[in-house]
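Trainee: I would like to learn how to read salt bridges. Can we work through a case together?

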Amino acid sequence: MQSATFAKPLWQTYLLFLAPMVLSNFLQSMSGTVNSIYIGQMLGTQALAAVSGMFPVVFFFIALVIGLGAGAGVLIGQAWGARETHMVKAIAGATLLLGMLIGLVAAVLGTVFARQALTGLGTPADVLDDAVDYAHVMLWILPSLLVFVLFTQLLRGVSDTLSPLLALIVSTAVGLALTPALIRGWLGLPPLGIQSAAYAGLAGNLSAMAWLAWRLIRKGHPLAPDREFFAALRLDRVILGKVLRIGLPTGVQMIVLSLSELVILALVNQHGSQATAAYGAVTQIVNYVQFPALSIAITASILGAQAIGAGHLQRMGPILRTGLLINVCLTGGLIVLGYLLSHWLLGLFLTEDSTRAMAEHLLHIMLWSLLVFGFQAIIGGIMRASGTVLVPVVISIICVVGVQLPAAYWLDGHFGLQGVWMAFPIAYLGMLILQTLYYKLVWKHQKIERLI
């Protein structure tokens with residue numbers, strides 16, 4: 001399998017990675033949207049508000065685990081490139097066990113302090129009791145959710161992006177089928193009300209993991225849950241130290257970026273409900289363009305790690321160039337479609353002509369800059385392949401907290417609502433300039449060695 005990865009043309013390898021990842025992102029977005037529709041339509045607005053209150057808590061732990069997965073993915077990629085299957089299992093086992101322990105700690109502490117946490121997050125009093133009931137169930141299924149998210153990330157380190165996609169299809173299908181059945185009590189199932197989505201999600205995750213285990217064992221996969229794999233489930237301090245060194249900054253970056261989005265939303269909210277609706281519609285479209293750009297960066301990081309592990313350092317430059325070219329074609333193509341179809345796309349979310357016109361103007365201001373965002377993410381991904389993660393992450397955080405947010409406030413004061421959107425290209429250009437300078441002046445002159 002390793003030799004096949006290096007034998008194919010790079011653009012082909014990229015596309016084989018990208019197609020399942022982009023589809024996975026689409027499925028996850030669609031699943032969340034449909035679940036919200038179920039709850040809102042079948043249980044009412046108050047139920048939707050109660051469920052929404054848990055999102056920041058769950059996202060915090062998912063961001064932490066995605067960070068762990070990013071760190072472990074680099075190490076697994078290097079071990080896989082070096083054809084050291086035993087090390088692949090050791091890294092995966094240590095990381096999965098840590099992810100499970102994080103989930104269990106979160107479940108215990110979260111259950112005890114759920115009411116205080118939701119009150120602190122400003123959950124409205126009229127939905128607080130329902131939100132606490134939902135939180136208790138959601139927190140106890142968190143360990144299985146985190147392990148599922150983490151394991152699908154680790155599979156990508158060994159060039160397997162198809163298994164995570166198929167597992168996600170199983171999880172999504174079971175979850176979406178069970179949620180309305182549990183809400184209404186169909187087929188003799190108990191009506192569980194607001195907790196239905198959480199229990200349906202648990203059933204989906206367990207079904208997907210069981211199916212995934214069967215598939216991996218049948219294929220003799222390097223990460224199949226066999227005897228050797230279970231023997232590797234131990235907290236190896238050396239391995240976890242390296243995973244956390246790469247992964248924690250990535251997790252922190254995700255949390256900071258999501259908090260900055262809340263600040264931007266607060267700025268937008270000051271312009272009234274029409275502006276908030278426009279923000280929501282624009283964000284939906286931006287997400288579908290941004291996901292492929294991030295997927296290209298993840299692919300660059302994995303391929304780079306495998307090249308380092310195999311001792312093919314001469315491939316790092318071609319991997320970067322191919323990633324940048326695919327970003328021009330794929331992300332650039334989506335951006336062009338976004339401009340051409342913006343009126344129709346925004347009409348899917350917005351019915352008022354004035355709000356749609358506002359959203360279209362705002363989308364046109366910043367959509368092009370997602371190409372720049374993709375460039376800087378790919379450069380950061382290449383550097384992460386060698387374990388260089390702290391400086392690229394700090395650059396991203398500085399450009400968001402120190403450039404984007406102040407620029408948004410200043411431009412909002414001078415140009416109104418459109419000024420908030422002008423701040424996005426400014427921040428992305430800043431990221432690209434600084435990441436490129438660090439890559440050319442520092443990283444390229446460093447000695448690249450295997451981390452494990």
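This is a predicted model: local features need pLDDT of at least 70, side-chain atom pairs count only at pLDDT 80 or more; totals for chains, interfaces and linings use all residues.

Mentor: Start with the rule: a salt bridge is a side-chain nitrogen of Lys or Arg within 4 Å of a carboxyl oxygen of Asp or Glu. Residues are numbered from 1 along each chain as its sequence is written, and side-chain values use heavy atoms, leaving out hydrogens and water.

Trainee: How many salt bridges does the rule give?

Mentor: The count is 6.

Trainee: Which parts does the pair Asp226 and Lys89 tie together?

Mentor: Helices (H or I, at least four residues) and strands (E, at least two) are DSSP runs, numbered from the N terminus. Asp226 sits in the loop between helix H9 (196-219) and helix H10 (227-231), and Lys89 in helix H5 (residues 85-120), so the pair links parts 137 residues apart in sequence.

Trainee: Is Lys89 buried or exposed?

Mentor: Buried means under 20% relative accessible area, exposed over 50%, partly exposed in between (1.4 Å probe, protein chains only). Lys89 is buried, at 5%. Asp226 is partly exposed, at 31%.

Trainee: Where do Arg356 and Asp353 lie?

Mentor: Both are in helix H15 (residues 353-366), 3 residues apart, which is about one helical turn. Arg356 is buried, at 17%, whereas Asp353 is exposed, at 58%.
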